[in-house]
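Subject: Structure handover

Hello,

The structure we spoke about is below. My notes on what was found in it follow.

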Amino acid sequence: MTVKLIRMWSGEDVIADLSEEKNDSIVINNPIVAIPQQGQIGFAPWSPLISQKVKELEVIKRYVVYISEPQEDIVDQYNQMFSTIATPTKKLILS
């Protein structure tokens, strides 16, 4: 998975798996949007009216402000939400 933060011209911060970059567009999977909630960040489907069967969207690049790496804890949360493989949380082993 190539999890990216995509800032849209509309001001939305979209977290998604960037699967392909074309000349005029990008292809993303499982897009979610960050929503501030009482001092924390929550997540919601980027476009809640799209069928849940649709996992891949093509977005025209002119609507994208930038694409960047999200914070590591955001990537971990995203992977927990969409990964088909269960991974343990990162913990230190003390002896």
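Strand 1 and strand 2 form a hairpin with four residues between them, and Gly-11 in that turn has a positive phi of about 100°. The model is a predicted one: local features need pLDDT of at least 70, side-chain atom pairs count only at pLDDT 80 or more, and totals for chains, interfaces and linings use all residues. Residues are numbered from 1 along each chain as its sequence is written, and side-chain values use heavy atoms, with hydrogens and water left out.

Strands here are DSSP runs of E with at least two residues, numbered from the N terminus. Two strands count as paired if DSSP finds at least two bridges between them. Strand 1 (residues 3–8) runs antiparallel to strand 2 (residues 13–21), and five bridges join them. Strand 2 is also antiparallel to strand 3 (residues 25–37), over six bridges; the hairpin that joins these two passes through three residues. Ile-15 in strand 2 stands opposite Leu-5, and in strand 3 its bridge partner is Ile-32.

Ala-16 has a relative accessible area of 0%, so it is buried (under 20% is buried, over 50% exposed, in between partly exposed; 1.4 Å probe, protein chains only). Leaving aside neighbours within four places in sequence, Ala-16 is in contact with Thr-2, Val-3, Lys-4, Ile-6, Ile-28, Asn-29, Asn-30, Pro-31 and Tyr-78 (contact means heavy atoms within 4.5 Å). Ile-28 is twelve residues from Ala-16 in sequence, and their C-alpha atoms are 6.0 Å apart.

Two backbone angles deserve a look. Most residues other than glycine have a negative phi. Asn-30, in strand 3, has a positive phi of about 50°; its relative accessibility is 19%, so it counts as buried. Gln-38 has a positive phi near 45° and is found in the loop between strand 3 and strand 4 (40–45). With a relative accessible area of 85%, Gln-38 is exposed.

Which residues make the nonpolar surface patch of about 530 Å²? They are Trp-9, Ile-60, Tyr-63, Val-65 and Tyr-66. Patch residues have over 30% relative accessible area and no salt bridge, and nonpolar side chains are joined within 5 Å; a salt bridge is a side-chain nitrogen of Lys or Arg within 4 Å of a carboxyl oxygen of Asp or Glu. Tyr-66 lies in strand 6 (residues 64–68) and is partly exposed, at 39% relative accessible area.

Regards

Technical notes
Patch = residues over 30% accessible without salt bridge, like charges linked within 9 Å, V, L, I, M, F, W, Y side chains within 5 Å. Areas by Shrake-Rupley, 256 points an atom, 1.4 Å probe, with all protein chains shown as cover.
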